[in-house]
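Please keep the sequence and the model in view while reading.

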Amino acid sequence: MADKDYFVHESSYVDDGVEIGQGTKVWHFCHIQKGAVIGEKCSLGQNVNVSNNVHIGNGVKIQNNVSVYEGVTLEDNVFCGPSMVFTNDLTPRARFPKGSAGYKKTVVHHDATIGANATVVCGHDIGEFATIASGAVVTKNVEPHALMAGVPAKRIGWVCECGQVLREKDGFYFCPDCGRRYEYTGIALKEKNE
């Protein structure tokens, strides 16, 4: 693959019919399956599997031992921590496979983070800039900027665009690192631009 504008380690397999963007790095023992599309400047750690027809945006980081199953979409700048788990079938049976038409869809929106050993049960969306704590089990849709933890995962706070946990003061939320301010409208967390 020396003539490509991306890197794939010699121990990894890339099936025919795969698109990989410029500057992406695929490290040891990975398998990228037919029909997968991976954007630019992504990093796939050791032992990552990207299943058939999966779409991965630009700037995505997938740490070691993650399988991104068919039906999962990762938008730009998503972070998947080591050994986190996606599913794509709510009622699996080895004897009664459903095939791709039966898979539930999961979308992880841009700039979201999923911590190590977390599990995302299929059929749910994770909102932009959300953070899923290590070991959490996501069983419902996640709001943008939500900080989710526990089994099942519940919102325990909010996170900034920069990733820091927000602090509350006088009905507003603020970031101790970058200074951004937010207000919860009862429907969504909105940045205050004043």
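A residue is called buried when its relative accessible area is under 20%, exposed when it is over 50%, and partly exposed in between, using a 1.4 Å probe and protein chains only. The model is predicted: local features need pLDDT of at least 70, side-chain atom pairs count only at pLDDT 80 or more, and totals for chains, interfaces and linings use all residues. Residues are numbered from 1 along each chain as its sequence is written, and side-chain values use heavy atoms, with hydrogens and water left out.

**The chain as a whole**

Helices (H or I, at least four residues) and strands (E, at least two) are DSSP runs numbered from the N terminus. The protein chain has zero helices and 26 strands. Its radius of gyration, taken over C-alpha atoms, is 18 Å, close to the 16 Å that the globule rule gives for 194 residues, so the chain is as compact as a globular protein of that length. The globule rule is 2.2 Å times the number of residues to the power 0.38. Along the principal axes, the C-alpha atoms fill a box of roughly 55 × 45 × 25 Å. Of the 194 residues, 39% are buried. A contact means heavy atoms within 4.5 Å. Among contacts between residues at least 6 apart in sequence, 14% join residues at least 24 apart.

**Two parallel sheets**

Strands of a sheet pair through backbone hydrogen bonds, either parallel or antiparallel. Here, two strands count as paired if DSSP finds at least two bridges between them. Another open sheet has four strands, ordered β2-β5-β8-β11, and its pairing is parallel. There the edges are β2 and β11 (67–68), each pairing on one side only. The table gives one strand pair from each sheet.

| Strand pair | Bridges | A bridged residue and its partner |
|---|---|---|
| β12 (residues 72–74) and β15 (residues 106–108) | three | Leu74 and Val108 |
| β5 (residues 31–32) and β8 (residues 49–50) | two | His31 and Asn49 |

**The nonpolar core**

In soluble globular proteins, nonpolar side chains tend to be buried together. A nonpolar core is a set of buried Ala, Val, Leu, Ile, Met, Phe, Trp, Tyr and Cys residues joined through side-chain atoms within 4.5 Å. The largest such core has 46 residues, and those with the most contacts inside it are Leu44, Ile62, Leu74 and Phe86. Strands β12 and β21 (146–149) each supply at least two residues of this core. Leaving aside neighbours within four places in sequence, Leu44 is in contact with several residues, including Trp27, Ile38, Val50 and Ile62.

**Residues in loops**

Ser11 is found in the loop between β1 (7–8) and β2 (13–14). A polar contact is a pair of N or O atoms within 3.5 Å; within protein, one must be able to donate a hydrogen and the other to accept it, and residues adjacent in sequence count only if both atoms are side-chain atoms. The side chains of Ser11 and His9 are joined by a polar contact of 2.8 Å. A polar atom of the Ser11 side chain also lies 2.9 Å from the backbone nitrogen of Phe29. Phe29 itself sits in the loop between β4 (25–26) and β5, and has a positive phi of about 60 degrees although it is not a glycine.

Asp111, in the loop between β15 and β16 (113–114), likewise has a positive phi, near 65 degrees. Asp111 counts as partly exposed because its relative accessibility is 28%. In the loop between β21 and β22 lies Pro152; the peptide bond from Val151 to Pro152 is cis, with omega near -5 degrees.

**Cysteines without disulfides**

How many disulfides are there? A disulfide is a pair of cysteine sulfur atoms within 2.5 Å, and by this rule the count is zero. Cys175 is in no disulfide, the nearest cysteine sulfur being that of Cys162, 3.6 Å away. Cys175 counts as buried because its relative accessibility is 3%. Cys178 is also in no disulfide, with the nearest cysteine sulfur, that of Cys160, 3.5 Å away. Cys178 counts as partly exposed because its relative accessibility is 38%.
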